Structures are given as C-alpha cells and as structure tokens.
Amino acid sequence: MFQNIPTVTKNLLIINVLAYLATVVLGLRDFDLALWGGLHYFESPFFRLFQFVTYQFLHGSFTHLFFNMFALWMFGCVIERVWGARKYLAYYLLCGIGAGLCQELVQWLMQSYSLTIGASGAVYGILLAFGMTFPEDRIFIFPLPIPVKAKWFVLGYAAIELFMAISSASDGVAHMAHLGGMLFGFLLIKYWQKHPGKQFDLGSGRQFFDQMKRNFDQRHRASSPSQPQQRTNSHEADMEYNARKKARQEEVDRILDKIRKSGYDSLSKAEKQRLFEASKEK
C-alpha cells in the first residue's frame, strides 16, 4: 500500500515521522527540538523566519502526529494525483505558512503568546482543497451512520474550529492556525481558478487521468470476445454496438482533454459522474 502513495505525500509522511522520532530521541538528551524549530511569537528572542516552515513538521505527541498524518494520507493522496506534485507541494507549504501568519496575528491581537507546532494548518488546507475539488463526494465520518458530502464535512470542521477558537482559547490548541490554513487554501484555489495559466506542474495529475484512460481502454479490449458473442447475428446490431462504444470512448477522451486544459474543477457534475463510471466499467 505504501508504494501506491504519491511521491510528495509519501515524503511528507516520512519527514513528519522522522521529525517526531528525532524530537523524542533528542528529548532524552535534554535537547528540545521544538524550541528550535517551533514557531515562536515574532517578538521573542527565539523567533526565526525559517520556523514558518519547520514548525509544520514537529508534533507534541504521538496522537497529534497520528491524526494529522492520517488526514494527510486520506485526502492528500487524492489532491496530489489531481493537481500534480509541484502545485500540491506549494499549496501544502503555503497553507502551513499562512496558518503560522494567522497564529502570529492572533497572538499579537490577544497579547497571549505560545509556541506553535504541528502540520494541522497545512492539513486543514488539504481538507479544504478536497472539499472544493470534490464537493459532492460522500465520505463516512465515525460515528455518523450515513455518509456526508465533502462540502458539508469541510464547513462543519471550519465551524467547529471557529467555535473552539472563541470558547476554548486557552486549551493549548492553535485553532486559529487551523482556520488560517483553510483561509489561505481558499484564497490560493480562488486565485488559481481566476488565473488558470498559473497552475505549476500538472504533469502528475495528467498522468493520473491518462492512466485511467489506459485502464479504460484495456478493460474494453479485454472484454471484447475473441469469438463472436451471441448478442445478435445482425450486421446492423453490430454497427450500432460499435457506434455506441466509439461514442463512449470519444466522450471520455473529451472529458480528459478538458481536464488537461482547464483542470478537474471545470467539469460539470454529469461529466464527473461519467468519468467515474468509465473508470469502473469492465
């Protein structure tokens, strides 16, 4: 399973796990890695600019690490395949930096200072990207008995974080950083939608859909009988069958070309459904 994880997501998972192990090992030697790499308040003597990046890879507990990495794996794999590696990595890091900036702003306004660590801001940005890219997709959320549309799942998470930020300001969790990651993610996606030429490298996303197309072709070739089937002996029926098959293939090709030119978001609901059905046809 691990080898099927896209490159950037896989490396982010590895770096976060290694950073956590390094924190534990160095802690046994009385060296606090979080004190060096965590994000300090900008007026602190310990503050450094590089901490806007390094804080994203440090975690305070195994539970903190586990849930962040689980969400990164669950949603990041999908977004990286659709967007491509470079755009996905830039989005992830910028959401994390944006989350840190929001946390710094809140600390300045509240005059309440704390050390910030964790990938949550970037992960919440990935969560938002999934909700905006696949708003109608349904996902299961424990303990709810029915699936929830991705757009409502994301809005629900944002509402919870906002409520927690207001009502539990002293719980030790950087709720405003989570919201900041979502805010910067939203602004980035909207900017890219208005400037489709600034899409970084969509190569990986294209490879994903090209592979889907190849699988679609292979399945239809494999399902074609080597001996004549008992569909009908009518020449007219054979021509009608071949015409329908050709029309389906042309429709899939048109949808894939549209993705290459304008991105997945440009598809209508019907086109997304047709692409999904094509990937499942055997």
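Here is a quick tour of the helices, nonpolar cores, aromatic pairs and salt bridges in this structure. Keep in mind that it is a predicted model. The biggest nonpolar core holds 40 residues, while a nonpolar patch that includes Phe66 and Phe70 sits out on the surface. On the charged side, there are two salt bridges, and Glu136, Lys149 and Lys151 are tied together in a network of them.

**Nonpolar cores**

- The largest core counts 40 residues, and Leu72, Ile79, Trp83 and Tyr91 have the most contacts inside it.
- Six helices each put in two or more residues: H1 (7–28), H4 (62–83), H5, H6 (120–133), H7 (150–167) and H8 (175–194).
- Helix H4 is the top contributor, giving nine residues to this core.
- As background, nonpolar side chains in soluble globular proteins tend to be buried together.

**Helix H5**

- H5 runs over residues 85–110, which makes 26 residues.
- From first C-alpha to last, H5 reaches 37 Å, close to the 38 Å expected at 1.5 Å a residue.

**The surface patch on the aromatic side**

- Phe62, Phe66, Phe67, Phe70, Trp73 and Met74 make up a nonpolar surface patch, and together they have about 620 Å² of accessible area.
- Ring pairs also join Phe62, Phe66, Phe67, Phe70 and Trp73 into a cluster.
- Phe66 and Phe70 are both in helix H4, four residues apart, or about one turn of the helix.
- Phe66 has a relative accessible area of 43%, so it counts as partly exposed.
- Phe70 comes in at 39% relative accessibility, so this residue is partly exposed too.

**Aromatic pairs**

- In total, the structure has 14 aromatic pairs.
- Phe66 and Phe70 are a stacked pair, because their ring centres are 6.2 Å apart and their planes are at 20°, with under 30 degrees being the cut-off for stacking.
- Trp83 and Tyr91 have ring centres 4.9 Å apart and planes at 85°, so this pair is edge-to-face.
- Trp83 is buried, with a relative accessible area of 6%.
- Tyr91 is buried as well, at 0% relative accessibility.
- Both Trp83 and Tyr91 are on the list of residues with the most contacts inside the largest core.

**Salt bridges**

- How many salt bridges does the structure hold? There are two.
- Glu136 bridges to Lys149, and the closest N and O atoms of that pair are 2.8 Å apart.
- That bridge links distant parts of the chain, 13 residues apart: Glu136 is in the loop between H6 and strand E1 (138–139), and Lys149 is in strand E2 (residues 148–149).
- Glu136 also meets Lys151 in a salt bridge, at 2.9 Å from N to O.
- This pair links distant parts of the chain as well, with Glu136 in the H6–E1 loop and Lys151 in helix H7, 15 residues apart.
- Are these residues buried or partly exposed? Glu136 has 29% relative accessibility, so it counts as partly exposed.
- Lys149, at 21%, is partly exposed, and Lys151, at 26%, is partly exposed too.

Terms used
Residues are numbered from 1 along each chain as its sequence is written. This is a predicted model: local features need pLDDT of at least 70, side-chain atom pairs count only at pLDDT 80 or more; totals for chains, interfaces and linings use all residues. Side-chain values use heavy atoms; hydrogens and water are left out. The expected span of a helix is 1.5 Å times one less than its number of residues. A nonpolar core is a set of buried Ala, Val, Leu, Ile, Met, Phe, Trp, Tyr and Cys residues joined through side-chain atoms within 4.5 Å. Buried means under 20% relative accessible area, exposed over 50%, partly exposed in between (1.4 Å probe, protein chains only). Patches are made of residues with over 30% relative accessible area and no salt bridge: like charges are joined within 9 Å, nonpolar side chains (Val, Leu, Ile, Met, Phe, Trp, Tyr) within 5 Å. Accessible areas come from the Shrake-Rupley method with a 1.4 Å probe; for residues, only the protein chains shown count as cover. A salt bridge is a side-chain nitrogen of Lys or Arg within 4 Å of a carboxyl oxygen of Asp or Glu. Rings of Phe, Tyr and Trp (its six-membered ring) pair if their centres lie within 6.5 Å; planes under 30 degrees apart count as stacked, over 60 as edge-to-face and the rest as tilted.
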